[in-house]
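Please keep the model open beside you and look up each residue as it comes.

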Amino acid sequence: MAAAPAARFPVFGLVRLLGLAAAAAIVVWAVHFRGGMALSSETDKLLIFNVHPVLMLIGLVVLNGEAILAYKTVPGTKKLKKLVHLALQFLAMLLSLIGLWTVWKFHDERQIDHLYTLHSWLGLACIIFFSLQWATGFYTFWYPGGSRSGRASLLPWHVFFGLFLYVLAIATSVSGLLEKSIFMQSVKMIGRFSTEAMFMNSLGMLLVLLGALVILAAVSPGVGKIDTYRGSSE
């Protein structure tokens with residue numbers, strides 16, 4: 001079996017740079033192109049919706065990616081790496097739950113049906129399984145902690161599902177951008193080749209590249225490999 005590819009360039013730095021760029025881009029889209037964000041609004045309900053993509057992308061893509069790579073990027077003891085991983089994942093989960101609440105609130109106030117698109121199905125599945133993944137990891141690897149053999153047997157599955165859920169988060173985000181762009185074009189809010197449409201397409205491509213680099217950084221042998229695949233089960 002072929003070995004995992006080794007990154008011969010500063011992949012961790014690129015991941016952080018692209019993550020910051022993606023977070024900044026979604027905020028720019030919500031504020032500059034869509035007029036801002038609000039948890040409650042009596043005049044423009046779309047401001048409530050705008051909170052949704054910002055929190056979901058920053059939580060399940062940017063922070064989640066940092067959490068996945070924490071064992072390779074955070075200096076210090078294994079316990080510290082584990083704590084940073086756990087804390088970032090918890091923050092990502094919290095932001096995603098608030099993001100889910102905002103889009104649910106928006107649909108309720110605009111009297112729009114819930115969960116009728118593929119994007120909504122993917123997003124709900126991502127949040128549910130991400131929460132289960134976090135809870136299982138907390139119980140097994142942090143408190144009260146499973147047996148040594150139990151942790152060792154669960155760790156490969158925990159790593160696999162972590163990467164799978166990250167890919168699912170990327171797919172959900174890209175499908176959400178596509179869905180929103182098509183909707184706005186269909187009601188003549190934006191043109192097909194407008195600046196906003198191209199901006200959203202570019203953000204989608206950025207997310208795909210970010211996802212590829214996070215996966216490469218996670219599987220690439222090198223600094224942090226032992227901590228990631230062995231140390232985290234201790």
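1. Let us begin with Thr 102 and its contacts, where contact means heavy atoms within 4.5 Å. With neighbours within four places in sequence left aside, Thr 102 touches Leu 39, Ile 48, Val 51 and His 52. Thr 102 sits in helix H4; helices here are DSSP runs (H or I, at least four residues), numbered from the N terminus, while strands are E runs of at least two. Is Thr 102 buried or exposed? Thr 102 is buried, as its relative accessible area is 0%; buried stands for under 20% relative accessible area, exposed for over 50%, and partly exposed for what lies in between, with a 1.4 Å probe and protein chains only. From Thr 102 to Lys 79, 23 residues away along the chain, the C-alpha separation is 35 Å.

2. A word on the basis of all this: the model is predicted, local features need pLDDT of at least 70, side-chain atom pairs count only at pLDDT 80 or more, and totals for chains, interfaces and linings use all residues. Residues are numbered from 1 along each chain as its sequence is written, and side-chain values use heavy atoms, with hydrogens and water left out.

3. Now to H2 and H4. Their axes lie 8 Å apart and the helices pack at an angle of about 160°; axes are lines fitted to C-alpha atoms, for helices over the stretch in contact, and angles between N-to-C directions run from 0 to 180 degrees. H2 and H4 are therefore roughly antiparallel, given that angles over 145 degrees count as roughly antiparallel, under 35 as roughly parallel, 65 to 115 as roughly perpendicular and the rest as oblique. The crossing of H2 past H4 is left-handed, a term for a near helix turned anticlockwise from the far one by less than a right angle (right-handed if clockwise). In their contact there are 19 nonpolar, 8 polar and 4 charged residues; Ala, Val, Leu, Ile, Met, Phe, Trp, Tyr, Cys and Pro count as nonpolar, Asp, Glu, Lys and Arg as charged, and the others, Gly among them, as polar.

4. Next, turn to H2 and H7. At what angle do H2 and H7 pack? The angle is about 20°, and the axes are 10 Å apart. That makes H2 roughly parallel to H7, and their crossing is left-handed. On the H2 side the contact uses Leu 57, Val 61, Gly 65 and Ile 68, and on the H7 side Leu 203, Leu 207, Leu 210, Val 214 and Ala 218. By class, these are 8 nonpolar, 1 polar and no charged residues.

5. H2 (residues 46-68) also packs with H5 (residues 118-142), at about 50° and with 13 Å between the axes. H2 is therefore oblique to H5. This pair, too, has a left-handed crossing. His 52, Met 56, Leu 60 and Asn 64 of H2 meet His 119, Cys 126, Ile 127 and Phe 130 of H5. The contact of H2 with H5 contains 5 nonpolar and 3 polar residues, and no charged ones.

6. Leaving aside neighbours within four places in sequence, Leu 207 contacts Ala 22, Leu 57, Val 61, Ile 170, Ser 173, Val 174 and Leu 177.

7. Finally, some loop residues. Most residues other than glycine have a negative phi, and most peptide bonds are trans. In the loop between H4 and H5 lies Gln 111, whose phi is positive, near 55°; Gln 111 is exposed, at 74% relative accessible area. Leu 115, likewise in the loop between H4 and H5, has a positive phi of about 55° and is partly exposed at 34%. Tyr 143 and Pro 144 are joined by a cis peptide bond, with omega about 0°, and Pro 144 belongs to the loop between H5 and H6.
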